[in-house]
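User: Hi! Could you walk me through this model? I'd like to go through it piece by piece.

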Amino acid sequence: MLEINVIKEKPQEIIQRLAIKNIDATATINKILELDAQRRETQKKLDDYLSELNQINKEIGILFKTGKTAQANELKEKTAQTKIQSKELDAFLASTISQMNDLLVQLPNTPHSSVPKGKTAEDNEVVYQEGNIPDLGKEALPHWDLATKYDIIDFELGVKITGAGFPVYKGKGARLQRALINFFLDNALQAGYREIQPPLMVNEDSGYGTGQLPDKEGQMYFAELDKLYLIPTAEVPVTNIYRNTILKASDFPVKNVAYSSCFRREAGSYGKDVRGLNRLHQFDKVEIVQIQHPDKSYQTLEEMREYVASLLQKLELPFRTLKLCGGDISFTSALTYDMEVYSAAQQKWLEVSSVSNFESFQANRMKLRFKDENGKTQLCHTLNGSALALPRIVAALLENNQTPRGIKIPKALVDYTGFELID
C-alpha cells in the first residue's frame with residue numbers, strides 16, 4: 001500500500017508513475033487527498049471535544065469536593081451533549097478512515113523509474129540472454145509426450161484423481177522433482193538463506209499483507225468454512241512472518257528460503273499454452289525472500305537476479321532475462337525481472353522465475369518496520385524471487401536433453417537424482 005504521506009507530498013508524481021502501469025489514478029488520488037483532509041479536520045474537532053470533556057470532568061470533581069453539588073450536576077448535563085457529539089465525530093472519523101483505506105488498497109505500487117512503458121508481455125525488455133538453443137530436429141517430442149513415453153508424469157491420472165492441472169509424478173519423474181527441490185534448497189543455503197517450512201494455508205490478514213488481497217482474490221483457492229486461502233506462493237507466509245514487527249538495522253539483510261506446493265486457480269486459462277506442465281493449478285516451487293534496508297534494496301534485487309541466473313547456468317539451460325513493462329508488472333511490484341528458459345521442442349520461451357522489489361509497498365500493509373541509527377522508525381523494503389518454479393524447468397530439462405537413448409540429466413543434478421538418464 002502506498003504511504004499517505006508520500007501521496008500528499010507528490011500527488012502528481014504518483015499519478016504520472018502509475019500511468020506507466022496504464023492506470024489513470026487521478027480521481028482516486030484526489031479523493032484520497034480529500035478524505036485525508038476530512039480526516040485531519042475531524043480528528044482536530046474530536047481532540048478539542050475530548051480536551052473540553054477532560055477539563056469539565058476536572059471541574060466537576062472539584063465542585064463535588066467543595067460541596068457545590070448543584071453546579072456539578074449542571075456541568076454533568078453539559079457533558080452529556082458533548083459526549084454525544086464526540087461519539088458522532090468518532091463514528092464519522094472511523095468511516096472517513098475506512099473510505100480512505102478502501103481507496104488506498106486499490107492503488108497498485110508505483111513502478112521504478114527504469115520500468116519501460118508498454119501494455120503487454122510483448123513490450124517487455126530483454127536485458128540479457130545466455131546459452132545455446134539446441135537444435136533437436138523434427139523428431140523432437142514435447143515434454144507431455146516424453147512424460148508418457150517414459151512413464152514419469154501422468155496427466156490423465158491427475159484428472160481422474162482431482163482434475164486438469166494436477167499431474168501425478170511417477171518413478172524417475174517423482175525423483176527428478178525431489179532432486180530439483182533439494183538442489184535449489186541446498187544452493188540457497190550455501191548463499192546464506194535460512195530455510196523455512198511454512199503453512200500451505202494463510203488467513204485473510206496474511207493475504208492482505210503481501211497484496212494478494214483484494215487484488216488476486218479470484219485466483220486463490222478458498223476454504224470458506226475456515227476462512228483460509230491456499231497459498232499461491234511461499235512468499236505469502238514467509239513474508240508475513242514479519243508482519244507487525246520492528247527490526248533493528250543490524251538485522252539486515254533478512255534472507256529466507258522455502259519450498260512449498262503452490263495453488264492457483266488460473267481462471268480463464270485455456271488453449272495450447274496451458275498444455276502439459278506449462279500452466280498448473282498445483283505445482284512445486286522454491287522461493288527466496290529478503291527483507292532489506294531501503295538504501296540497499298535495488299542492489300539486493302540485482303544480486304537475487306544473478307543468483308537465479310546461476311541456478312539456470314548449473315542446469316545448463318539456455319535462458320534470458322526480461323525487465324517487465326508497466327502493463328505486465330504485478331500490482332505489488334516496483335520492478336520485476338522475469339527469467340525464461342527456452343523449450344526446444346515447443347520452440348518457445350517459458351517463464352520460470354520472477355524476481356521483484358516491492359520497496360515499502362508490502363511493508364506498509366504489514367507494518368514491517370525497522371529502527372535506524374537515530375532511533376527513527378522506518379518501513380523496510382521486501383523482495384522475493386522464484387528460485388525456482390519446477391514445472392517449466394522440468395519441461396525444458398526433458399525437451400532440451402532428449403536423446404535417442406533417453407533423457408540426459410545435467411551433471412549438477414546427478415548426485416541428487418541418483419541416475420544419469422531417464423530411459
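Analyst: Happy to! In helix α12 (residues 390-400), 11 of the 11 residues are buried, so the helix is largely enclosed by the rest of the structure. Buried means under 20% relative accessible area, exposed means over 50%, and partly exposed is in between, with a 1.4 Å probe and protein chains only. Helices here are DSSP runs of H or I with at least four residues, strands are runs of E with at least two, and both are numbered from the N terminus.

User: Before we go on, what should I keep in mind about the model and the numbering?

Analyst: This is a predicted model, where local features need pLDDT of at least 70 and side-chain atom pairs count only at pLDDT 80 or more, while totals for chains, interfaces and linings use all residues. Residues are numbered from 1 along each chain as its sequence is written, and side-chain values use heavy atoms, with hydrogens and water left out.

User: Thanks. Which residues of α12 are buried?

Analyst: They are L390, P391, R392, I393, V394, A395, A396, L397, L398, E399 and N400.

User: And at what angle do α7 and α12 pack?

Analyst: Helix α7 (residues 172-190) packs with α12 at an angle of about 115°, and their axes are 11 Å apart. The axes are lines fitted to C-alpha atoms, for helices over the stretch in contact, and angles run from 0 to 180 degrees between N-to-C directions. The crossing of α7 and α12 is right-handed; that term applies if the near helix is turned clockwise from the far one by less than a right angle, and left-handed if anticlockwise.

User: Which residues of α7 and α12 meet there?

Analyst: From α7 there are L176, Q177, L180, I181 and F184, and these meet L390, I393, V394, L397 and L398 of α12. Contact means heavy atoms within 4.5 Å.

User: Let's talk about the core. Which members of the largest nonpolar core touch the most other members?

Analyst: That core has 56 residues, and L180, F184, L312, V341, I393, L398 and I422 touch the most other members. Apart from it lies another core of 17 residues, including L2, A25, L104 and V105. A nonpolar core is a set of buried Ala, Val, Leu, Ile, Met, Phe, Trp, Tyr and Cys residues joined through side-chain atoms within 4.5 Å.

User: What does V341 contact, leaving aside neighbours within four places in sequence?

Analyst: With those left aside, V341 is in contact with L312, L317, P318, F319, K348, W349, L350, V352, R392, I393 and A396.

User: Changing topic: where is Q346?

Analyst: Q346 sits in the loop between β12 (335-343) and β13 (348-357). Q346 counts as buried because its relative accessibility is 17%. Its side chain makes a polar contact with the side chain of E399, at 3.1 Å. A polar contact is a pair of N or O atoms within 3.5 Å; within protein, one must be able to donate a hydrogen and the other to accept it, and residues adjacent in sequence count only if both atoms are side-chain atoms. Not counting residues up to four places away in sequence, Q346 touches H143, W144, N278 and E399.

User: What about T300, buried or exposed?

Analyst: T300 counts as buried, at 3% relative accessibility. T300 belongs to helix α10 (residues 297-314), and a polar atom of its side chain lies 2.9 Å from the backbone oxygen of K296.

User: Which residues have a positive phi without being glycine?

Analyst: D151 is one, with phi of about 55°, and E359 is another, at about 50°. D151 is partly exposed, with a relative accessible area of 47%, while E359 counts as buried at 15% relative accessibility. For context, most residues other than glycine have a negative phi, and most peptide bonds are trans.

User: Last one: what is the strand order in the open sheet of three strands?

Analyst: The order is β17-β18-β19, with antiparallel pairing. β17 (402-403) and β19 (421-422) stand at the edges with a single partner strand each, so one side of each has no neighbour in the sheet. Two strands pair if DSSP finds at least two bridges between them, and two bridges join β17 to β18 (residues 406-408). Q402 stands opposite I407 in β18.
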